[in-house]
Number of protein chains: 2
Amino acid sequence: MTETYETTARTTGTRHRERLGYDRAAVHAVLDEAVFCHVGFVVDGEPVVLPQLHARVGDELFLHGSSGARALRAARDGGLPVCVTVTLVDGLVLARSAFNHSINYRAVVVHGRAEEVVDPAAKQAALSALVDAVVPGRSADVRGPTPKELAATTVLRLPLTEASVKTRSGPPADDEADLDLPYWAGVLPLVPLRAGTPQPAPDLPGGVAVPDHVRSWSRG
Amino acid sequence: MTETYETTARTTGTRHRERLGYDRAAVHAVLDEAVFCHVGFVVDGEPVVLPQLHARVGDELFLHGSSGARALRAARDGGLPVCVTVTLVDGLVLARSAFNHSINYRAVVVHGRAEEVVDPAAKQAALSALVDAVVPGRSADVRGPTPKELAATTVLRLPLTEASVKTRSGPPADDEADLDLPYWAGVLPLVPLRAGTPQPAPDLPGGVAVPDHVRSWSRG
């Protein structure tokens, strides 16, 4: 297995090419850190973008979320062309000039055809991966799906072949002539996603303790 | 001006319709809280989804970010069909069953045609709004754009007419039969976006203090 994804016309971009990378581990790291993704597809020639949950397993991405009957039919019938994008914002980049303001971020864009996972065992494995992608360790501490629940759940599989990661980091890049202007410049870092205090369900029986996988949840 | 957006086939959805709303103020609140959005459009019949910055001014959304030469040509020539989606995740919903796991979130989806802002004064106003959308108050404390910088910047305008907000909140909804299973259930709230300590640019002259609009930045 190569260390980088192949580049294609749609993953090479046109602006800020120096920010683009194809390193497999870097792409995986961003996908794994994000709690959710945005999935784009085409309906009647027009774009639709919806938030969905995702889980990466090796070089496959599993997707779960509402996408509508027509998109699902396409996913069954030869695959649904999708663009899956994950964006992590690391900081606000404040320059002396409005023009040089920017954002520090890491964004992964994946193109490909998503297909429905049909095989029940594969679907069950994908669902466990999805639960664990959101809360690592959770899938071992729940009631697993019944055949009826499995049938009522849709999971799509997208091979990771055409993927890129775009990154900006570091301080603002002001024009030389602006450096002595009296405006503050720098980066306002944004703190990675954090969890608050777990809120037990109102109908939780007494004596069920908050498990470690909930107490220790963190990202980034 | 009415209090809700008109519904259309593509904003009424098919799953969890009870979570969908069209209240103008609720749509605006989500757009205003988010630091960035995901913009979807179609190139060669295939979907593209990219993160961009946005600023809402009344019932218009201004968009700024890379989108590629072909999309820009379409935006100049009659408008680029886009779907703009903003998602705020409020908590992870852990049920006794894997099947009833969910996410508490607020997601706005806007459909429409984005057109390039050409008039220099309108473009300058939109850029100030974009700077202030990311860091409120910042646009008064920077060097404004030169005519050359303005010409090098692309801003798209999208009227807010076809917009919806989908919301899930509250505890997990477990099946009655699962309530006494020995699994913890509840919500793990995610803390709203927070800023860390401002990092002055390495080339910032001494004596330029961190301004209030940086020190007091917050969301949510």
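1. How many bridges pair E6(A) and E8(A), and in which sense, parallel or antiparallel? These two strands pair over 7 bridges in the antiparallel sense. One bridge partner in E8(A) is Thr167(A), which faces Arg106(A). Helices (H or I, at least four residues) and strands (E, at least two) are DSSP runs, numbered from the N terminus. Two strands pair if DSSP finds at least two bridges between them.

2. A word on the source. This is a predicted model: local features need pLDDT of at least 70, side-chain atom pairs count only at pLDDT 80 or more, and totals for chains, interfaces and linings use all residues. Residues are numbered from 1 along each chain as its sequence is written, while chains are lettered from A and ligands numbered from 1 in the order in which they are written.

3. E8(A), residues 162-168, has another partner. Strand E1 (residues 20-21) of chain A joins E8(A) by 2 bridges, running antiparallel. Here Gly21(A) has Val165(A) as its bridge partner.

4. Now the contact between chains. Chain A gives 81 residues and chain B gives 81 residues (in contact: C-beta atoms, placed from the backbone, within 7 Å). E5(A) supplies the largest share of chain A's side, 8 residues.

5. E9(A) and strand E10 (residues 199-200) of chain B run antiparallel over 2 bridges. Gly186(A) has Pro200(B) as its bridge partner.

6. Finally, symmetry. A rotation of 180° with 0.0 Å of shift along its axis superposes chain A on chain B, RMSD 0.0 Å (least squares on C-alpha atoms of residues with pLDDT of at least 70 in both). The two copies are therefore related as by a two-fold rotation axis. The same surface serves both: 100% of the contact residues of chain A recur in chain B.

Key
Two residues are in contact if their C-beta atoms, placed from the backbone, lie within 7 Å.
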